[in-house]
Structures are given as structure tokens and as C-alpha cells.
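Subject: A structure to look through

Dear colleague,

I am passing on a structure that I would like you to look at, with the sequence beside it. Please open it before you read on, and keep it in view while you go through my notes.

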Protein chains: 2
Amino acid sequence: MAGVTLKTVAKAVGVSPSTVSNAYNKPDQLSTTLRERILATARELGYAGPDASARALRSGKAGAVGVLFTDKLAYAFSDPYAVGFLAGLAEVAEEFATSLLLMPLSSTDIAGGSNAVQQAAIDAAAIFCVPGGHPALDILANRGIPAVSTDRGDHPDLSWVAIDEVEAAAQLGEHLARLGHRDVVVLVDNAEAAGGRPVELTLDEVGYTDCELRIRGLQKTMPDARLRIVSGGHNAFASGVRGAEYVLDSQDRPTAIVGLSDVQALGAMEAMKVRGLTPGRDLTLAGFDDIPAAEAAGLTTVRQPIKDKGRAVGRILLDPSTTERQLLMPTQLIVRSSSGPAPKR
Amino acid sequence: MAGVTLKTVAKAVGVSPSTVSNAYNKPDQLSTTLRERILATARELGYAGPDASARALRSGKAGAVGVLFTDKLAYAFSDPYAVGFLAGLAEVAEEFATSLLLMPLSSTDIAGGSNAVQQAAIDAAAIFCVPGGHPALDILANRGIPAVSTDRGDHPDLSWVAIDEVEAAAQLGEHLARLGHRDVVVLVDNAEAAGGRPVELTLDEVGYTDCELRIRGLQKTMPDARLRIVSGGHNAFASGVRGAEYVLDSQDRPTAIVGLSDVQALGAMEAMKVRGLTPGRDLTLAGFDDIPAAEAAGLTTVRQPIKDKGRAVGRILLDPSTTERQLLMPTQLIVRSSSGPAPKR
DNA sequence: TCGTTCTTCTAAATCGTTCTAGAAAAACGA
DNA sequence: TCGTTTTTCTAGAACGATTTAGAAGAACGA
């Protein structure tokens, strides 16, 4: 059973390897009777069909697109936003009978040669929320693998499907400014805070491009406000809790907290509730993404069409009839009960 | 830049291809100075490192684990339960620097030779909620790829990480029986109902082994009850809504509805609310899985440690130090407000 | 009947590595 | 100094398919 290859089958049937290969890949290149004889013999010998790696090597097609996720792969799944993206991408991948290769981005062995991005057999790659300048992106570029990012890059020939981060945040900022907020804390994703202790950051220290742009957007429509940047760790519910705890328990409470993702904002909401604070009354809370749970929780947020984003990325990667290489998706401010007027001083 | 291979680099440096290969894979097999010279030249020539497919072919390791998901890949992501499994699996995969290959199971081209499961370059596979007897499982077995399933199979040498479906459901059944319920509708996943119109099924028609076992478990502790099986489509919120609508709008309302997944049960809850029915008072509702949203909704359900399940599957597949090949995970009945006494006739 | 076009099949090269066995040189111990 | 071990590197054979160019025979039209 082991060691049965195309050759074995060819010899058994008494034809050339090419013909056996054709039996699998180009059925119209040989007579039906022979094809069936080959397939029958293959079954008999326990031949499992052309070896995937060998086929990939010779034909140059891997039949899979890679997905690069923020930092820890496991984290990605805790954010419904990321999952929504994947769902959209999977939909298109399915249509084109292509697999999705989720690659861990463990920064540890990026330096060495043996990391997943280097070794992955993929035809193309989707880059989801990976900070610009990440070594994995260089590897990808170096390998000559076509990629589509969810962030607008600097290179004009880079493909992306993104939102206008600045404008989206500016909308939210305008809403908050109109409500009278002038003291705001922004909760961001940050690897260094992942250790446990929340950290306060400057705009330059914010690693992710999209986070940076969103903060700039807030600044744009809230020029008079004091904006502080705090992180409780990676993008996750628990980080939102920690970040908010840090802020709420300090002497210097803001009147509004903006989570740069809904999961973080919902974490902050939890921290507020534990302290008996009502979102929208005692303190305003807003998020980004509009994941399903945001609606249930009454969270004011900026909606982005995440599943469509995934679909669009998939189309650019897989559908040859898609010519558009850079796509700006619409966003929409969704006002719910978690935002309200700033308390008078 | 194109067509730069190991050989090119070898020629440029003036060494043999083996040595260049060693520079990447076995750094201790050559002097540091030479290694650095090779790496530098490689960088200069724009060599992206050993080709993934070629390496996979020669070394016999693909560096990826396949994941087989229920039917449509895109559906999988709409169920937090499935996502939880993936998160656990991803955690372990990350630890072993292995990628996860999500394969679409589109039944259409399973018959032909060119489907994803056949073509996937993987070392092992995780099988998540795939109905027994699915052609993809045969392909996997035929290819000789070690696999771990989330369902207990019939073969004694098959690896699995599962729960005692019968016992878990029996627990829930006992709870319902004690509350006086004798007329129950079970909502199941069914491909045929996906068209739109809900269908009523017999136990034999239920495709998925785990669903079947759960129903048997209910029967076990509810021997006097009338159990009807209804499906509103695939495993998703919307299917739960549709299935429940069908049941609630009929002349023959049960006193309890059991969703075989929480997403379906939550869909049913939505349908109840639209009709002004309060879960736990007007009609009892229960689910399976205990996804995060179940707690928020007050849904009675059977908890299973899904993330641990994913981790365990990952360990069996990747960690050589794991010897256990078959693992039974604990379940726990979580009673919340959605279940209450059956109304007196 | 003869040249032409299909159909059906094959030989041999190739894809880009890694691996096994072993050679050449350097280091070592007594 | 001479055998022995260690270090460093190489030749050449796999790995298992696909592809290109073309041969052999059948079918065809005139």
C-alpha cells in the first residue's frame, strides 16, 4: 500500500505515466475505456491519486491561498470581526475550490529561516491587520506571492481592500464632540501590554497603521479634546477589561472611552458594569466594527462591512475577472445607547 | 529575479547545492563564514529561500494540518462553537509552527478527482463534525493521512476527541422530563432543508452521527415523550429561526424545543420573541454547546469544552509525546432561565 | 488511393529541493 | 610522525508528478 505512485499504476496497467496523469487531470486526452481501466487499477492498488506536493512542484500551483493574521493565530478567532472576514474570504475560496492556509506569525522564528510564511505552499496571500513593516510581509514580497492587504499600503501597486480609517474615525469623533466630550481615552491593541500591566502610549508608539489612522481621525474632528492612548494588551475582550480598569480606577477619568475594536469596547463595558457605571450616562463608550454582540449590548460603533471585505479580498486574489486592485469599502456610524452627553463639569 | 533557485545561488557562491540547502536547514553542518556568505549572496540575488513545494516533496513534510469542516466552509464561521474549536486547534498548531489548511468540502467535485481534500498538501487532518461515510473521509484514509475526528467512529483504531453524546443529551432529557415535558421538538442541521422550506425528519434521515446520538440520548431519559425532529436548514441562526417558526406556527405546538446547537436554539429564541413568547415560561428552550451568547441570552444548554477539544485534537495530531488516541471530554448541563415547567394541560 | 486531420498514447525532460554516502582537509592524541 | 577522529563540503540519486513535442494509427474527404 505504501509507495504506490503514478509509475506503479502505469506499470500495472501497461501504459506510460503520462497517460495515468492524464487520466486524472485531462480526461478528454484518452479513451474512456482506458481511463476507467486505469482508475480501477489505481483503486485496486490503493493509489490515492497524484501526490499533492509533487503536483504543486511541477505545475506551480498550490491550490491554496495563505491568510496572515495578526500576531497569535488563536487570538484572531476570539474577535468576531476577524472571523467575519474569514467567512467572507472562505466563501470565495470555496467557489474557486481553493483551500485557506492559516499561518501562525510567531515572531520568534521569523528571524530564522524556518517559519510558516517562508514554508507555506501558497499561490497568493490575504493580509489581515498585520502592522506595516512586519517581516512576514517582506518574506511574502520576496517570494513574489501576490497579496491583498486589509490596510492601505504606501506602495501604489499594492492591492488592498480597506476602509477610510481616518474618515470613519472622524465621523465618530464628530459624534462625540457634539455630545461635548473633550477628554477621551482610546483603547488600542498592543503587544507590550500583553504581559499584564496596561500601558499608556504616544501616537508614535502605536504599532498598527489602522489604529494610528483612526486616532488621527478622532483628532481631526476633536481638535480641542485631550486624547490619551491606553492598551490592556492584544485585541481581545480581556484586554478591553484591563485597559478600562486602569482608566476607570485612576484619578483622571475621561468622559468617553473609545475601543478601536468592538471586542475591546465590550470588555470596557464589562469593567464599567462591574463598577456600577452605566454606559451612555456615567461615561460614554464607543467601538469599531459593529460585530453582532455590539447591537445586543447597545454599543455605539462604526460599522464596516467585514464579510464583504473578505469577499472582495478573495475576488482580487482568485477571480481573474476582477480587475479592481484597490477597493475602499463604506463605513457607517451606528449610534446606540452607550454614547450620551458629557457630564457638565 | 524570477527563476532564482538553490542552484543559482550555489553557482554564484561557488559551492554545491547541498551546501546551500544546508545553510538554510542545517546551520551546524557548515562553517559560519560560508553560511553567511551564502545567505548574503542569496539576498543579493533575490532568492526567496527554498521553494515550499519542492521542499515538501523531497522531505515528505508539508508543515500543515488540514481541517475538514461541515459542508460549507463559510457556515463554519457563523457558529462560535466551530470557531472555538478552531481557536484551540490553532493554539497548538502555532506551538508547533504548523499552518492550518481549511479545506472546502463542496460535495460537487468530490466525485471528480480535482477536489481540495485530494489536492491538499497536508501531514495530518482534523475532522470537525463531518458526517460519517462522507467521501472526503475515504479520500483521507486512502491517502494514508492520520486524522482525528470530533466524533467517535466505528473503527477501533480511529483517533477521536469527543463527548459522550448520548449521555450529554440524556442529562438534558432528564432535566426536561423532570420539568414535565412530554412533547418536544428537536432542531437539527439538514442539508435538504437548506432550500428554504423546513422539513420534518425521521431519526434515520438525520445525517450526522452526533445529532442522531443526541436524539437517542433524549429518548433514553424521556421514554414517554413524543420527540419530533425538524430542520430549518444548515446549522445556523437563521435555520433555527425558520425551524422554530414552522413549529410555533403549526397547530401542534410542543412544550419544549431543543436545538442541537446553541446557534439554532438562539435562532428559535428569536422566533419566540417575535411571537411574544417568553422562553422558560410559555415554552421551554434548550441548546447544546454553551457558546458565549448562550449565557447572555439565558439559554439552558449542555456545555462542552470546545476549545479544549480543539487543543486535544491538535496535540494528538502534532505532539509526539501525546499517546492517548481517543479522548472523552466532560460535559455539563447548564440550567438557565429558558427552561421551565411544562404548562399543565 | 493518397494526403490530411483527429485521436490516442508515449519518451524524456523538468520542477527545486533534500538526502545518503563518502571524499578531502583539518585537528587531535599518543 | 602516523593513524584516528572531527569538521566541512560535494556528487548524484531520489522525491512524484506534469509537460512538451511528437509518433502511430484511425478516420476522413476527395
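Predicted model: local features only at pLDDT ≥ 70, side-chain atom pairs only at ≥ 80, totals over all residues.

Of the 345 residues in chain A, 53% are buried. If you take the contacts in chain A between residues at least 6 apart in sequence, you will find that 71% of them join residues at least 24 apart.

The C-alpha atom of A97(A) is separated by 27 Å from that of Q304(A), a residue 207 positions away along the chain.

Next, please turn to a sheet in chain B. Seven strands form an open sheet here, in the order 7-8-6-9-10-11-13 and with mixed pairing. Strand 7 (199-201) and strand 13 (332-334) of chain B stand at its edges, and since each has a single partner strand, one side of each is left without a neighbour in the sheet. On average, and ignoring direction, neighbouring strands of this sheet are turned by 25 degrees against each other. At one end of the order, strand 7 of chain B runs antiparallel to strand 8 (residues 226-231) of chain B, joined to it by three bridges, and within this pair V199(B) stands opposite S231(B).

How are the two chains related to each other? A rotation of 180 degrees, with 0.0 Å of shift along its axis, superposes chain B on chain A with an RMSD of 0.1 Å, and the two copies are therefore related as by a two-fold rotation axis. In chain B, the C-alpha nearest the axis belongs to L101(B), which is 2.2 Å from it. The same surface serves both copies, in that 100% of the contact residues of chain B recur in chain A.

The contact between the chains takes 44 residues from chain B and 44 residues from chain A. On the side of chain B that touches chain A, helix 6 of chain B gives the most, with seven residues, and by class this side has 26 nonpolar, 12 polar and six charged residues. The chains also meet through their strands, for strand 2 of chain A and strand 2 of chain B pair in the antiparallel sense over three bridges, where L100(A) has L102(B) as its bridge partner.

Finally, please look at DNA strand D, which is surrounded by 25 residues, the closest being T5(A), S21(A), D51(A), V15(B) and L30(B). The elements that give two or more residues to this surface are helix 2 (17-25) and helix 4 (52-59) of chain A, together with helix 2 (17-25) and helix 4 (52-59) of chain B. The residues of the surface near DNA strand D divide into 11 nonpolar, 10 polar and four charged.

With best wishes

How values were computed. Residues numbered from 1 in each chain as written. Chains lettered and ligands numbered in written order. Near = placed C-beta within 6 Å. Helix = DSSP H or I, 4+ residues; strand = E, 2+ residues; numbered from the N terminus. Nonpolar A, V, L, I, M, F, W, Y, C, P; charged D, E, K, R; others polar. Pairing = 2+ DSSP bridges. Axes fitted to C-alpha atoms, helices over the stretch in contact; angles between N-to-C directions. Contact = placed C-beta atoms within 7 Å. Least-squares fit on C-alpha atoms with pLDDT ≥ 70 in both. Buried ≥ 20, exposed ≤ 12 C-beta atoms within 10 Å, placed from the backbone.
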